[in-house]
Amino acid sequence: MTTASTPSTPVAVITGASSGIGAATARQLARAGYHVVLTARRKDRLEALLNELVAGGGQATAHPLDVTDRAAVDAFAAGLARVDVLVNNAGGALGADPVASGDPADWRRMFEVNVIGTLNATQALLPALTASGNGTVVVITSTAGHGTYEGGAGYVAAKHGAHVLAETLRLEIVGTPVRVIEIAPGMVKTEEFARTRFRGNTEKAAKVYEGVAEPLTADDVADTVSWAVNRPAHVNIDLLVVRPRAQASNSKVHREL
């Protein structure tokens with residue numbers, strides 16, 4: 001599933017592109033002139049987004065992919081002739097249980113997707129990013145990667161892991177032509193994040209945003225990603241924390257109830 005691109009067109013790979021921040025980032029980078037490579041597990045959603053981008057004049061390729069499957073990630077990477085930008089967006093939260101009763105399976109899955117998935121994609125694509133001469137690795141973490149809150153320990157631990165991965169990678173590859181950018185959003189209201197976290201319980205999901213006049217949108221976060229990626233090559237946005245005005249911290253949110 002692809003559209004034609006020219007050798008001079010920069011290529012941006014986006015994981016978790018089937019919805020939310022990933023899909024919004026794909027739209028913005030396509031408008032900015034990138035050939036976007038869409039990856040996620042859900043083929044139908046990728047195809048719908050691909051068709052949308054192409055209809056709008058963008059250049060895109062869609063490739064169903066589970067970033068926790070290292071063999072599949074390596075095979076995907078081997079099929080790419082060029083990569084200029086990698087946006088590690090695949091992730092998510094499961095449950096909101098306290099440490100004393102949290103399900104280890106949920107913790108393991110969150111670590112696998114948020115940390116190991118990011119590791120897999122980054123390791124597999126780093127040679128191509130380096131070869132591009134001006135590569136960029138973006139890691140979408142969360143304010144949960146910079147502070148904790150009750151009921152969030154599993155997700156917080158995973159996002160702290162993703163944050164440390166980005167921070168350490170930046171130290172280790174300094175001097176190479178690759179930037180490492182971390183975008184850490186706060187409260188973002190998307191179609192699926194809270195609903196997935198609460199296993200489809202729409203009432204619990206709605207409570208997360210109850211009374212918050214204007215939580216961030218996926219487009220808000222995608223805008224910061226596009227801005228950071230499109231700075232001059234010598235400019236590195238190490239860490240960008242973005243929250244809605246109504247949120248002062250992970251646990252301090254103004255609600256109009």
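**Exercise 1. Which residues in helix 4 meet which residues in helix 5?**

Before we start: this is a predicted model, in which local features need pLDDT of at least 70 and side-chain atom pairs count only at pLDDT 80 or more, while totals for chains, interfaces and linings use all residues. Residues are numbered from 1 along each chain as its sequence is written, and side-chain values use heavy atoms, with hydrogens and water left out.

Step 1. Find the elements: helices (H or I, at least four residues) and strands (E, at least two) are DSSP runs, numbered from the N terminus. Helix 5 covers residues 153–172, and helix 4 covers residues 104–131.

Step 2. List the contacts, meaning heavy atoms within 4.5 Å. From helix 4 come W107, M110, F111, N114, V115, T118, L119, T122 and L126; they meet A153, G154, Y155, A157, A158, K159, G161, A162, L165 and L169 in helix 5.

Step 3. Sort them by class (Ala, Val, Leu, Ile, Met, Phe, Trp, Tyr, Cys and Pro count as nonpolar, Asp, Glu, Lys and Arg as charged, and the others, Gly among them, as polar). This contact has 13 nonpolar, five polar and one charged residues.

**Exercise 2. Describe how helix 4 packs with helix 5 and with helix 3.**

Step 1. Take helix 5: its axis and that of helix 4 are 7 Å apart, at an angle of about 20°. Axes are lines fitted to C-alpha atoms, for helices over the stretch in contact, and angles run from 0 to 180 degrees between N-to-C directions. The pair is therefore roughly parallel (angles under 35 degrees).

Step 2. Turn to helix 3 (residues 70–78): here the angle with helix 4 is about 30° and the axes lie 9 Å apart. That makes helix 3 roughly parallel to helix 4 as well.

Step 3. Name the residues. R70, V73, D74, F76 and A77 in helix 3 meet N120, A121, Q123, A124 and L125 in helix 4; by class, six are nonpolar, two polar and two charged.

**Exercise 3. Is T136 buried or exposed, and what does it touch?**

Step 1. Locate T136 in strand 5; its bridge partner in strand 6 is R179. Strand 5 (residues 135–140) and strand 6 (residues 178–185) pair over six bridges.

Step 2. Check accessibility: T136 counts as buried because its value is 1% (buried means under 20% relative accessible area, with a 1.4 Å probe and protein chains only).

Step 3. Collect the contacts: leaving out residues up to four places away in sequence, T136 touches D84, V85, L86, L129, V178, R179, I181 and V229.

Note on methods: Parallel < 35°, antiparallel > 145°, perpendicular 65-115°, else oblique. Pairing = 2+ DSSP bridges. Buried < 20%, exposed > 50% of the residue type's maximum accessible area, 1.4 Å probe, protein only.
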